Amino acid sequence: MNIYITGASSGIGEYVSYEYAKKGNHLALCARRKEKLEDIATKCREMGAEVTIYSVDVTDQHSTKESIDDFLSKITKIDLVIANAGLGDLDALHKGDPTLINQVIKVNVIGVQNTILPFIPVMLKQDDGHIALVGSVASHIAWAGGGAYAASKFAVRALSESWRKTLPKTIDVTLICPGFVESEMTDPVEWTPFIIKTDIAAKKIVNALHKKKKMFIFPWQWRIVIAFKGLLDIFMANAVRKMHKKKM
Ligand SMILES: NC(=O)c1ccc[n+]([C@@H]2O[C@H](COP(=O)([O-])OP(=O)(O)OC[C@H]3O[C@@H](n4cnc5c(N)ncnc54)[C@H](OP(=O)(O)O)[C@@H]3O)[C@@H](O)[C@H]2O)c1
């Protein structure tokens, strides 16, 4: 398979790359840190993959498109695009400065659009392809302190749902919603319930993509939390409706 993956220089993207490398695929590994990509590419090649690296910032529409065009010129068909690059930061509302959270939205939403859109005409022409977006359990739950991160991941969920409905059924769209996974992003985080190792997460993601799942929330504990939150929302909505009726 020919696979383009962003955020391949660490964490989930790095380990997903290893999983696909073992199967001898042609990988385009993208991120900003070139040296990290070079090390990971060497490991992937040792595992049997053909690898091209692209040092790109996904918020830069033009350089991301250039990397995509270059990869497309090397392959006859694109099989899978994984928009995984992401940034997590707290809102720090007390500082009154939107700079950091603007960047969260840029990388996590604009970056996903910059990564996926250029592939769509190609997938439409080949009448085949698979788009994977890395959301989060924060695509379903907005925690205190993480409003912008949740907003970005809610947006990613909306994009995946809408694109799935818009595109022909020959193009699969998968939303990956990890809970906590060991990575540079979670290293500084103190409270990480149900955290899992990066290699285990990568295996689960690749398995879900192989099954062409529409949405994959993992580990399983988060499926229960999210389902419970859904029930709670319905219960609250009914209670509020009854309360309003009494007032009318
Ligand atoms: N770890 C978790 O618990 C967890 C949970 C839910 C969802 N996720 C999601 O999983 C994805 C991967 O995160 P991770 O946990 O593996 O974190 P990570 O180790 O920090 O990896 C983030 C990756 O994104 C890349 N990246 C960041 N900004 C970029 C930019 N502007 N342009 C290009 N690449 C950029 C980084 O590479 P460079 O710095 O080299 O550019 C790095 O490769 C993210 O979308 C994250 O939101 C993670």
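## Nonpolar cores

In this predicted model, the largest nonpolar core has 34 residues, of which Y4, I78, I116, F119, I131 and L133 touch the most other members. Such a core is a set of buried Ala, Val, Leu, Ile, Met, Phe, Trp, Tyr and Cys residues joined through side-chain atoms within 4.5 Å; buried means under 20% relative accessible area, with a 1.4 Å probe and protein chains only. Strand β6 gives the most to this core, with 4 residues. A second, separate core holds 32 residues, including A8, A49, I176 and A208.

Leaving out residues up to four places away in sequence, Y4 touches A28, C30, T64, S67, I68, F71, I78, L80, V81, I82, T115 and F119 (contact: heavy atoms within 4.5 Å).

## Helix α7

Helices (H or I, at least four residues) and strands (E, at least two) are DSSP runs, numbered from the N terminus.

The buried residues of α7 are T198, A201, A202, I205, V206, A208 and L209. Seen down the helix axis, they fall within an arc of 160 degrees, so they line one face of α7; the arc uses directions from the axis to the C-beta atoms. Their cover includes α1, β4, β5, β6 and β7. After α7 comes K212, with a positive phi near 55 degrees.

## Residue S10

S10 sits in the loop between β1 (2–6) and α1. It counts as buried because its relative accessibility is 16%. Beyond its neighbours within four places in sequence, S10 contacts R33, I40 and E184.

## Basis

Residues are numbered from 1 along each chain as its sequence is written, and side-chain values use heavy atoms, without hydrogens and water. Local features need pLDDT of at least 70 and side-chain atom pairs count only at pLDDT 80 or more, while totals for chains, interfaces and linings use all residues.

Note on methods
Buried means under 20% relative accessible area, exposed over 50%, partly exposed in between (1.4 Å probe, protein chains only).
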